[in-house]
Amino acid sequence: MRKMNIVAAMASNRGIGCNGDLPWRLKKEFKHFTSLIRRLDDPSKKNAVILGRKTWESVPATSRPIKGKINVIVTSQADYTASGEDVYVAHSLEEAMTLLSSPPLSDTVETVWNLGGSYIYKEAIDKKLVDKMYLTRIRKEFDADVFFPLYSDDDFEPASDPDVPSEVQEENGVEWTYHVLKMK
Ligand SMILES: NC(=O)c1ccc[n+]([C@@H]2O[C@H](COP(=O)([O-])OP(=O)(O)OC[C@H]3O[C@@H](n4cnc5c(N)ncnc54)[C@H](OP(=O)(O)O)[C@@H]3O)[C@@H](O)[C@H]2O)c1
């Protein structure tokens, strides 16, 4: 089965979400996220995004499905429906990856991005379904009710990406750094 990339932004207390939303508004960081998942080597293909059901519902209705991507929502609800172009519902992370690894989607999809939240991040890491992890580490604590899962540094090695700046970023007094890790 193919592997996926994780993309996540976390605060210094590992917080990633609060009340069904991001704990912060950082336009520059969000732009970095959107340009990462938009990148394509083969313009005839599309990238896929996998989202937990709550993350899917946290995307404003006007911005979902995420444009130009194959959107796969993971839910345990047998009767869950979501409409829109290129939208699929899967009932486990494995089902999502099987869908994206089999024809016809296997021929169309270039990169699979796991957009979270915490359940599907953890499952992908624990089951070693990850190729690269693109992590934004925000140098500030934020109130949060959802956290990035703990992972072992032994499972990853530092990687680089020419499109990921190495210098410290800043917006409205909040600083952060970008990290690219490759799963061993
Ligand atoms: N900072 C970031 O990078 C980032 C990224 C993503 C999300 N977030 C934030 O995180 C929060 C949402 O994340 P979350 O962790 O609470 O929820 P989530 O992972 O988006 O969604 C959880 C739901 O996904 C479904 N699900 C997850 N794993 C499943 C599995 N293996 N099999 C079947 N269904 C599964 C279940 O849906 P059902 O209940 O329907 O069965 C579960 O209740 C929001 O605040 C969002 O803004 C932040």
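Let's start with F148, which is buried at a relative accessible area of 2% (buried means under 20%, exposed over 50%, partly exposed in between, with a 1.4 Å probe and protein chains only). This is a predicted model, where local features need pLDDT of at least 70 and side-chain atom pairs count only at pLDDT 80 or more, while totals for chains, interfaces and linings use all residues. Residues are numbered from 1 along each chain as its sequence is written, and side-chain values use heavy atoms, leaving out hydrogens and water.

So who surrounds F148? Setting aside neighbours within four places in sequence, F148 is in contact (heavy atoms within 4.5 Å) with I6, A8, M10, R14, I16, Y121, I125, M133 and L135.

F148 also belongs to the largest nonpolar core, which has 31 residues. A nonpolar core here is a set of buried Ala, Val, Leu, Ile, Met, Phe, Trp, Tyr and Cys residues joined through side-chain atoms within 4.5 Å. I50, L100, I125, M133 and F148 have the most contacts inside it. Several elements each supply at least two residues of this core, among them strand 1 (4–10), helix 5 (118–126) and strand 7 (130–138); helices (H or I, at least four residues) and strands (E, at least two) are DSSP runs numbered from the N terminus. A second, separate core of 26 residues includes A9, A11, I66 and L115.

Now for the aromatic rings. Rings of Phe, Tyr and Trp (its six-membered ring) pair if their centres lie within 6.5 Å, with planes under 30 degrees apart counted as stacked, over 60 as edge-to-face and the rest as tilted. By this rule there are six aromatic pairs. In one of them, W24 and F142 sit edge-to-face, 5.3 Å centre to centre with 65° between the planes. This pair links distant parts of the chain, 118 residues apart: W24 is in the loop between strand 2 (15–17) and helix 1 (27–38), and F142 in the loop between strand 7 and strand 8 (146–147). W24 counts as buried because its relative accessibility is 5%, and F142 does too, at 14%. Back at F148, its ring and that of Y151 have centres 6.2 Å apart and planes at 85°, so this pair is edge-to-face. Ring pairs link Y121, F148, Y151 and F156 into a cluster.

Finally, the ligand. Among the polar contacts (N or O atoms within 3.5 Å), a polar side-chain atom of T55 lies 2.5 Å from a ligand oxygen.

Key
A polar contact is a pair of N or O atoms within 3.5 Å; within protein, one must be able to donate a hydrogen and the other to accept it, and residues adjacent in sequence count only if both atoms are side-chain atoms.
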